[in-house]
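Please read the following briefing alongside the sequence and the coordinates.

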Amino acid sequence: MSFTIIPATTDHAAVINSMTHELAEFEKLPKGPELSENELREAIAEKNLFGFVALIEEQVVGFVMCYYGFSTWQGKFIFMEDLYVRLAHRKGGIGKALWKEVAKVAFEQNLRRIQWTVLDWNTNAINFYKSIGATDMHDRDGWLDFRLFRPAIAKFVGGNSDNGV
Amino acid sequence: MALRIVYATAEHASLLMDMIKELAEFEKIPHGPTITIDRLADDLSKEHVFGLVAYEGETPVGMSLYYLAYSTWEGQFIHMEDLYVRPDFRKKGYGKALWSEIAKLSKEKGMTRLEWSVLNWNTNAIDFYKQMGAKDLHATGGWLNFRLGRDGIVRLAANAQNT
């Protein structure tokens, strides 16, 4: 069945939010998503997130959501936060087509990289990434990603004296 | 002499660029930085990147640069891109003070996470991160970080449908 891809708008917030939950289930982290549909809508409206949706006969069957990051080495870049195609519509080239739209945005703005994360057991995805020439940054340079969660942020801030900013 | 931390503006671009290059040398990837001072100044003005500059008196001693990222799970958060203190000014708590400012911003904005990257051989930094309760996302969750460079972008974009 043929599909079309269009930029994601605030009208798509509800369906994207549902699919974010479906993606989290696939990632075996169903409790991950805590964002409401309204918060997502606001993020799209304020351009904190941008992306594309794939449509088959006016039904949204997949999406990609991105934001702009900044590297002090290479400047502005795209971070691809989520990419998902509903199970029934896989193997039809929709995932790759969504990827290509993101690559087109990067190309048009002369950006030097696109970044994203993937779970180490997702070998299908990893093989696709390698086939398009992407690099695992830990393998190449030894980069690790760290995260501090809210309770630890609060604790860290609590223990330090004000230095006048 | 007391530490003073200020928010970076476009005027700090040249100083920040020097420290970005010093940090890249420390990271053993000296050819990493390829952006120009003008581009950094422009991106600071447009808020594509934000920064803090630390001074001891009038002497610049360190910096931190960050951008606002967005998680479809938890909303807006800070990604800390660089944090650096010049070698002669280490062990004075300046690094921790820069960290505190970033953490304070995160807390004030109600953010649920703060993220950054580190090289796996930088055990001093990694120990500090673990002490503050930070988690290595690969070790705890299996997440890998992938990147597509310019050549890959060009190839992939070449066949994008016309919208």
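**Fold and chain layout**

Read from the N terminus, the elements of chain B follow the order β-α-α-β-β-β-α-β-α-β-α-β-α, and the secondary structure of this chain amounts to six helices and seven strands. The model is a predicted one, and the points below should be read with that in mind.

- Taken along the principal axes, the C-alpha atoms of chain B fill a box of roughly 60 × 40 × 35 Å.
- UniProt, in an unreviewed entry, lists residues 3-153 of chain B under "domain: N-acetyltransferase"; over that stretch the chain is 37% helix and 34% strand, with its end C-alpha atoms 43 Å apart.
- For chain A, the domain assignment gives domain 1 (4-134) and domain 2 (137-165), and the centres of these two domains of chain A, taken over C-alpha atoms, are separated by 26 Å.

- The size of an interface is often expressed as the accessible area that is lost when the parts come together.
- Here the area buried between chain A and chain B is about 7900 Å², and carbon and sulfur atoms give 59% of it.
- Within the area that chain A buries against chain B, A:Phe70, A:Trp73 and A:Phe146 supply 12%, which is more than any other three residues.
- Counted by residues, the contact takes 78 from chain A and 83 from chain B.

**The second largest pocket**

- The second largest pocket holds about 290 Å³ of space, and of the 17 residues that line this pocket, those closest to its centre are A:Lys47, A:Asn48, A:Tyr68, B:Glu47 and B:Leu68.
- Strand β3 (59-71) of chain A and strand β3 (59-71) of chain B each supply at least two residues of the lining of the second largest pocket, and β3(B) gives the most to that lining, with four residues.
- Sorted by class, the lining of the second largest pocket consists of eight nonpolar, four polar and five charged residues.

**B:Phe50 and its surroundings**

- B:Phe50 belongs to strand β2 of chain B, which covers residues 50-56.
- When its neighbours within four places in sequence are left aside, B:Phe50 is in contact with B:Leu44, B:Ser64, B:Leu65, B:Tyr66 and B:Leu68; B:Leu68 is also one of the residues closest to the centre of the second largest pocket.

Conventions
Residues are numbered from 1 along each chain as its sequence is written. Chains are lettered from A and ligands numbered from 1 in the order in which they are written. This is a predicted model: local features need pLDDT of at least 70, side-chain atom pairs count only at pLDDT 80 or more; totals for chains, interfaces and linings use all residues. Side-chain values use heavy atoms; hydrogens and water are left out. Domain bounds come from an automatic or database domain assignment. UniProt positions are given in the numbering used here, feature names are shortened, and annotations may be inferred rather than shown by experiment. On a 1 Å grid over the protein atoms alone, a cavity is a set of points where a 1.4 Å probe fits but cannot get out, and a pocket is an open set with protein on both sides within 12 Å along at least five of seven lines; lining residues have an atom within 4 Å of a point. Grid points are joined across faces, edges and corners, and a volume is the space filled by probe spheres set on the points. Ala, Val, Leu, Ile, Met, Phe, Trp, Tyr, Cys and Pro count as nonpolar, Asp, Glu, Lys and Arg as charged, and the others, Gly among them, as polar. Contact means heavy atoms within 4.5 Å. Buried area is the accessible area (1.4 Å probe) that two parts lose on being put together, summed over both.
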